[in-house]
Amino acid sequence: MAVFAKIARADFLLGIILAIVLLHILHYHKRLSIISSLFISFLLFYVYFTYTNIEGPVKDERVQQLTFRILETPFINGDRLETKIKTNNGEKLLLSYWIPLESEKQKLINEINIGLVCQLDGDLYSPKKPRNRHAFDYAKYLKTEKISYIFSPEQFSHSHCVQAKLSLYERLLKIRNNSIQSIEKFFPDEVEVFITALLFGEKRMMDRDIQEAYQRLGLSHLLAISGLHVGIITTFFYFIFLRIGITKERTRTILLVILPFYAMIAGGAPSVLRAVMMTWLVLFFLKWRKIVHPLDAIGLTFIILLVYNPFFLDHVGFQLSFTVATALLLSKQIFARETQWFKSSLLVSLISQLISFPLLIYHFFEFHLLSFIINIVYVPIYSIVLLPMSLVSFIIIEFIPKIANLFVVPLSFLFNLMNKIAQSIAKYEIFTITVGRPEKLILVIFFISMIIVFILMEQKNWWRNKTLYFLVLFPFLLQKLFVTYSPIGEVAFIDVGQGDSIFIQLPFGQGNYLIDTGGVIDMPMEEWQVRTNRFDPGKNIVVPFIKSKGISKIDKLILTHGDMDHIGSTTSIMENLNVKELVVGKTINKKAMELEIISEAKKRGIKITEVYEGAKWEKGKGNFFVLAPQRFAQASNDASIVIYGNFGGKKWLFTGDLEKSGEEQLVVNYFELPVDVLKVGHHGSLTSTSSFFLDHIDPLVAVISVGEKNRYGHPSKRVIDDLQKRRILVYRTDEHGAVYYRFFLTKGYFTTVFPNKK
């Protein structure tokens with residue numbers, strides 16, 4: 001079957017290529033416009049991409065003595081090593097290895113390099129798919145690198161490898177790696193990552209806070225090699241070659257040879273390939289006395305890249321790069337009337353911002369009100385000052401290192417200054433508007449509105465046209481109204497691994513409540529093991545999920561008790577969302593972590609409410625009652641805040657880490673406690689969810705928040721058996737991913753991220 005599938009895909013792709021060739025022949029014979037040709041090409045490739053993306057379930061397997069070749073210099077971050085490898089049959093994999101000893105880490109740094117052929121035992125598995133809605137899809141990202149599997153070796157040492165002769169591509173990667181190391185020697189860490197990002201597309205070690213600040217301000221494109229970067233670098237070398245006496249014709253020939261090599265040295269990201277290929281095509285046709293229209297160049301580039309890898313279509317850099325470049329090329333008439341450089345720059349920034357806006361909010365869920373102004377300032381500084389200075393500094397470092405400090409000191413100062421300004425501005429949440437991920441219909445409305453706006457901008461005095469402003473604001477207001485006053489409510493049991501985090505969204509913006517935040521239980525680590533940009537469930541999972549819904553305000557952040565896996569990410573939540581009220585149990589002898597969080601909340605001016613049995617609140621048609629803890633109870637699992645809710649046509653019981661003793665107390669205190677949906681206590685531990693308790697509340701549905709393959713053995717087999725014996729429908733985040741209940745008035749339904757997983 002696999003063979004037939006490959007043949008079918010090959011035939012399907014060949015048919016698409018022939019169709020596209022025919023379309024472009026028709027275009028050159030004036031039978032079809034370039035826009036129609038590109039649009040039909042896009043649709044055909046979208047169908048092909050969707051077709052090839054349909055895959056059956058992949059089974060992980062044990063591999064004996066996998067032979068492979070290392071394709072790049074390994075990236076080592078703390079105790080983790082990653083590199084791309086290729087097997088004997090030509091399949092590309094990602095190698096991921098956890099380093100057990102500091103001495104071994106140093107050996108790997110010194111000995112493992114490009115071109116080694118190794119034979120190792122290990123596990124081969126498919127990359128994990130996102131376990132929550134709208135989360136980053138690592139599996140899709142790897143497919144843009146033509147990688148479908150990850151190989152994890154048991155041991156990794158130079159003794160299992162032999163050095164092979166390097167290919168031309170590998171030699172280029174060696175040059176790339178040596179160049180990056182040269183920059184690292186001369187520049188401080190916080191600066192060298194920017195220079196390596198601008199010149200070589202390497203930014204894996206960049207501080208996450210700085211990346212997020214640039215992303216929030218709409219400046220991420222400055223940190224990725226794009227058409228602007230390639231254009232500046234090409235122009236730089238063009239004039240250098242002319243100055244040293246090389247003719248224009250020979251200069252074009254040299255650039256045609258150099259550009260493909262630069263694409264490989266710069267990392268080969270989709271945006272890099274787009275920029276380099278388009279520049280190459282324009283230079284190629286100029287050299288042969290036939291001027292190719294930039295639209296034809298970008299269309300041909302688009303087709304070639306998708307033939308090379310259809311999964312580029314899912315890459316945000318690919319989408320933004322082609323969308324912005326095409327919009328600017330189609331705006332020729334808008335620029336034609338402007339002769340002043342400053343006004344033209346404003347128009348470039350405006351058009352880029354307008355056309356990229358729908359894609360930016362689709363992927364990042366928010367935008368910054370000052371983004372347009374900041375781009376006007378930052379783009380010229382990066383393109384006229386920082387990028388050329390970075391390029392000159394690199395050349396000086398390579399050829400005249402003795403005078404390198406003449407460039408290193410001022411360039412470091414400028415980068416640090418620009419970063420501090422960006423981070424300072426990004427901190428002002430008042431300028432950040434969270435709009436959420438638009439539905440496909442609204443996304444289409446966004447683009448249609450933008451296209452009409454550009455058509456209107458071709459008219460004289462377009463800034464006086466009120467229709468234009470309406471078209472810009474209409475889809476934005478439509479999206480904002482849709483997410484803010486949606487009649488649909490939701491309860492989301494967010495998959496944060498081994499921990500709890502439950503988000504309750506009431507209809508019509510009546511209330512947003514977060515019960516617990518998740519958190520990673522820190523294991524003792526030595527300094528050499530610590531990785532930069534450590535994973536935080538609150539920052540990396542909970543916040544993006546909530547923002548994807550267009551929500552930036554939490555009315556009540558409820559911390560059931562002081563365990564790390566329930567409250568460890570609270571600070572991240574307070575930093576990234578507007579928390580109005582922090583709710584904690586009125587208990588004694590709280591854990592240090594809980595006391596620190598309360599102190600931090602006070603500093604931020606967040607209202608703090610201590611609750612105990614008997615507290616309640618009501619919003620719209622939703623009623624919430626606090627059933628535990630008892631006042632001044634000793635802080636523990638059995639002193640978790642227990643909430644009984646009546647909303648969405650269901651009766652809910654959220655139990656934190658309540659154990660058998662606490663359950664018995666609930667039974668004693670509440671003779672009648674009908675429950676439709678039970679959040680199972682303590683992740684389904686053997687010490688919770690007693691048969692006596694289940695018989696008393698008699699739930700229809702049970703949800704267990706638990707980490708996949710967790711070290712504690714949760715949930716207990718006894719708990720699962722007791723639930724199944726009573727025919728209670730069980731949802732588990734370790735098996736189903738995040739669990740959602742969406743409701744309208746009193747009717748609702750459950751969905752999961754992995755609905756077919758058993």
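The second largest pocket is lined by 21 residues, and F237, I258, Y262, L391 and F394 lie nearest its centre. The model is predicted: local features need pLDDT of at least 70, side-chain atom pairs count only at pLDDT 80 or more, and totals for chains, interfaces and linings use all residues. Residues are numbered from 1 along each chain as its sequence is written, and side-chain values use heavy atoms, with hydrogens and water left out.

A pocket is an open set of points on a 1 Å grid over the protein atoms alone, with protein on both sides within 12 Å along at least five of seven lines; a cavity is a set where a 1.4 Å probe fits but cannot get out; lining residues have an atom within 4 Å of a point. Volume is the space filled by probe spheres set on the points, which are joined across faces, edges and corners.

The second largest pocket holds about 550 Å³. Helix 5 (168-186), helix 6 (189-200), helix 8 (227-243), helix 9 (248-265) and helix 15 (371-399) each give its lining at least two residues. Helices are DSSP runs (H or I, at least four residues), numbered from the N terminus.

The whole structure has 1 cavity of 30 Å³ or more. The volume of the largest cavity is about 40 Å³. Its lining consists of N132, R133, H134, A135, N540, I541, P544 and F545.

Residue classes follow. Ala, Val, Leu, Ile, Met, Phe, Trp, Tyr, Cys and Pro are nonpolar; Asp, Glu, Lys and Arg are charged; the others, Gly among them, are polar.

Now the helix packing. Helix 5 and helix 15 pack at about 95°, with axes 10 Å apart. Axes are lines fitted to C-alpha atoms, for helices over the stretch in contact, and angles run from 0 to 180 degrees between N-to-C directions. Helix 5 and helix 15 are therefore roughly perpendicular (65 to 115 degrees). S179, S182, I183 and F186 of helix 5 meet F394, I397 and E398 of helix 15, where contact means heavy atoms within 4.5 Å. That contact has 4 nonpolar, 2 polar and 1 charged residues.

Helix 7 (residues 208-216) and helix 16 (residues 405-426) pack at about 65°, with axes 9 Å apart. That makes helix 7 roughly perpendicular to helix 16. In helix 7, D209, I210, A213, Y214 and R216 meet M418, N419, A422, Q423 and A426 in helix 16.

Technical notes
Parallel < 35°, antiparallel > 145°, perpendicular 65-115°, else oblique.
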